[in-house]
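User: I am new to this structure and would like to go through it by question and answer. Please show it first.

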Amino acid sequence: SNSSSSSATPLHACFRFKPAVAAAGGSGQSVAAQQQQQQVLIPLSTIARPGILQVLVANSIRDANTLLAATAAAAGNRPGSRGSSSNLAGKLKIWPLDNLRYYNNLPAQRAAQQQLGHDKVTIPLDLFDYDPKYESAMIRAFGGFVIAADDATAAQLVQKYGISSVTLQGTVSKKGSMSGGWTGSSGGFAKQFWSNKLQSDATAAEIAAVSSHLQQEMAKQQQLEQSRLQAEQNLSTVQQRTQAAAALHELEAAATAAAERLQQQQQQLISLQQQQAETQTRLQQCREAADDTASKGGAKAAAAAAMRRQLKDDAAKAAA
């Protein structure tokens with residue numbers, strides 16, 4: 001129903017990467033900022049895999065129950081779906097915000113970060129922008145770990161502060177165990193999912209910046225047009241004709257230049273919107289491949305691998 005569909009949001013849609021803007025008022029991302037964001041993709045892929053990001057976040061437990069019932073009913077009404085409605089409802093994960101259990105370890109994590117340094121310890125939640133109403137869901141998804149710059153920092157976090165962490169190389173450290181290390185053979189799909197999420201959010205932020213700049217340019221053009229019209233009125237006075245004509249010429253030139261800038265910005269906006277649409281399509285394909293792989297096992301693994309190869313080819317073409 002419309003009420004149930006509007007009361008739940010996929011977790012991955014509840015937040016965005018914070019835009020990393022270049023210094024000195026730059027209009028795009030700096031190379032250093034882009035590299036820093038790329039570094040956290042591996043630990044984020046370990047902390048929150050696509051399956052977690054597909055969890056639905058509902059406003060209340062009542063909304064969650066309504067959605068579960070509607071999903072089971074819809075599955076039961078499909079031809080040949082006898083006995084599958086309960087299975088589908090069982091696979092659907094929903095977190096009700098008014099009844100969500102989570103452990104908030106942020107105060108201890110921030111204290112450790114203050115002691116060891118922000119360059120050594122990164123709190124995952126600090127990487128994102130999100131509505132405060134989703135804070136409990138964000139803490140449950142990302143609050144169990146911090147990102148450690150290296151193994152030495154990870155050891156300090158566990159031994160001195162009792163805090164679990166994932167290094168930039170993907171090594172998981174927590175009380176009583178240390179495991180992992182990124183190999184590229186496992187979790188590669190999760191990293192690709194996060195890479196697409198990062199690219200999509202960066203494009204959306206750039207579109208917002210360009211749109212804002214377009215509005216400013218349009219306001220300037222309107223002011224120039226008003227000044228041009230005023231100058232034309234001044235030409236009716238013979239004594240001011242020569243001076244007003246020169247001013248009118250300058251204003252017309254300025255208006256023409258502003259129009260050209262506006263056209264360029266509009267073209268850039270169209271291009272960015274196209275890029276965002278392509279990225280969103282690839283992101284949706286990744287999510288569908290992840291769902292198929294999780295539900296059907298090895299039969300869909302080859303499709304997910306083919307999707308990864310296609311995404312890598314697309315990235316190579318974009319880089320060329």
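User: In which handedness of crossing does helix 7 pass helix 9?
Analyst: This is a predicted model, in which local features need pLDDT of at least 70 and side-chain atom pairs count only at pLDDT 80 or more, while totals for chains, interfaces and linings use all residues. Residues are numbered from 1 along each chain as its sequence is written, and side-chain values use heavy atoms, leaving out hydrogens and water. A crossing is left-handed if the near helix is turned anticlockwise from the far one by less than a right angle, and right-handed if clockwise. Helix 7 passes helix 9 in a crossing that is right-handed.

User: Which residues of helix 9 make the contact with helix 7?
Analyst: Contact means heavy atoms within 4.5 Å. Helix 7 contributes A112, Q115 and L116. From helix 9 come T153, Q156, L157 and Y161.

User: Which residue in strand 4 stands opposite A58?
Analyst: Strand 3 (residues 56–58) pairs with strand 4 in the parallel sense over three bridges. In strand 4, the residue opposite A58 is P96.

User: What is the mean pLDDT of the protein chain?
Analyst: pLDDT is the predictor's confidence in each residue, from 0 to 100. It stays under 50 over residues 21–27. In the chain, 76% of residues reach 70 or more, and the mean is 80.

Notes
Pairing = 2+ DSSP bridges. Helix = DSSP H or I, 4+ residues; strand = E, 2+ residues; numbered from the N terminus.
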